[in-house]
Amino acid sequence: MSRRSISDAIVARRGRERLVGPEAFREGPYRVAMVYPSPYRAGMSSLGYQRIIALLRSAGLSVERVFVPDDVAVHDTARVPPLSYETLTPLDQFPLIAVSFAYETELIGLFDVLRLAGIPIRREDRRPGHPQILLGGPISMASPSFLAEFIDAAILGEGEDVAATAATTFFDASTRDEWLDGIASLPGGWVPERQGDRFPIATTASDRHLPARSLWLAPEAELSDMFLIEGERGCHRMCTFCVMRRTTHGGMRLVPPNEILSFIPEEAQKVGLVGAAISDHPQLIDLIGTLARAGKRVSLSSLRADQIARKPEIAKYLAQSGARSLTTASDGASERVRRLLKKTTTEDHLLACARQAGDVGFSHFKLYMVIGVPDENDADLEELARFTRELSAACRPARLVMGIAPFVAKRSTPLDGAPFAGIKTIDRRMRDLKKRLKGAAELRPVSARWAWIEYELAQGGAETGLAMLRGYEAGGRFADYRRALAEVDPSTKRPWTHHEAPLVDPVVRRRTDPSRPTA
């Protein structure tokens, strides 16, 4: 595959997109590459990625999108660097690279794009002519320490209030040190080479930035042609494994339905309502009912079982809108484990959801959960197998699909520091569940090996990130990463501290004057 054919494929893909926001690309002197360290299909399904692009463009910056190539090997063979979607500019030609980073294992994608671009992966190996790298995104809410040796600066938390300043001051500063001084002075600004393992308090965006919403409709995104928009931000629940639990970022901030509806373009036939606790929005039923009657297909980013059970109109309107599956989470393997996780979901809630899935006419009832939670035992797994068969019978004629992931402890949660159950233990439990549930449910397990790597990164520091680089350079196989991670000094795995504000009381609040910051 030649550079010409790679460029033609990007141009063709871009031609199938539809811009639905006012922030169109404009060429200018202040050029920023906005990198998503996963392929296009994932990046264009990220609401945060699109939102920051819109904000930087509205500040007068010439922002272009760059993704991990769909086939890295093809780019290697053709010796083609990652190219921007707007002007086909090689990544190394941008003076500033902004990275929207969501999950720990996207570190490999970051390695890929930097290596393909000819940019040294370690910060200390770069020279004055190389781009500077500014990090943001969901990873900053939990565990960005493993990225410390690869980036120049970061904005931790909700970056909408400061992202434009962080980028524009790069072009205003006369030296790199002057730019880093500016970053360090910003709310949430982190400069690893200066601050090391001390993190600032994560910043909170003011309400004037709500709701975040899509800039494009993209048919080749994972959420194909879906218009994404926040219905709320934050969470008021207390799940012990979640970084968004009873958030310190202003509680659960609601967006009124009429405001949400005002931003949805007529041409958008699919609408995704986004929020960590969107199903807890008190006006959700009216909102999705309005969208369904308007002929829009509706999707929700999180749907709690207790809300579905208490409000059957949710399932009814989702089915009316054209949704083919009803999706929720049980999280723990048993009632006992769910109580340990401070989940309010009960078997009665889940059975009610299953019955609604069958009665309303969904083709699938999808249930997400984790195994390997601390203190989980064989009795919990036996209860899971027994109850899953009950759910399978209750949801008929819908088919039960279970997504099962190993538990990974995250920083900034009460379960921070909890051990990983072990690859062999997880694999054994997965095999046992498949055997017990054959014919009752379709199981979609997450790899225990890659969950372990996610755990090592989530709990590790800068040395863990460097170990991943050694594994990547050794061949990038799981065995390479495992060998490199085994060499990390245990004393470096949890070195960093974090300035934290006290948890706020559970709160659900509506937006106030959108022109007045409330953070």
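I counted a salt bridge wherever a side-chain nitrogen of Lys or Arg sits within 4 Å of a carboxyl oxygen of Asp or Glu. The model is predicted, so I kept local features at pLDDT of at least 70 and side-chain atom pairs at pLDDT 80 or more, while totals for chains, interfaces and linings use all residues. Residues are numbered from 1 along each chain as its sequence is written, and side-chain values use heavy atoms, without hydrogens and water.

Entry 1. My search of the whole structure gave 43 salt bridges.

Entry 2. I found D76 paired with R115, closest N and O atoms 2.7 Å apart. D76 is in helix α4 and R115 in helix α5, so the bridge ties together parts 39 residues apart in sequence. I call a residue buried under 20% relative accessible area, exposed over 50% and partly exposed in between (1.4 Å probe, protein chains only). D76, at 35%, is therefore partly exposed.

Entry 3. E376 and R429 form a salt bridge too, with 2.5 Å between the closest N and O atoms. E376 sits in the loop between β16 and α15, R429 in helix α16, 53 residues apart. I noted both E376 and R429 as buried.

Entry 4. D306 and R237 meet at 3.0 Å, N to O, in another salt bridge. D306 is buried, and R237 is as well.

Technical notes: Helix = DSSP H or I, 4+ residues; strand = E, 2+ residues; numbered from the N terminus.
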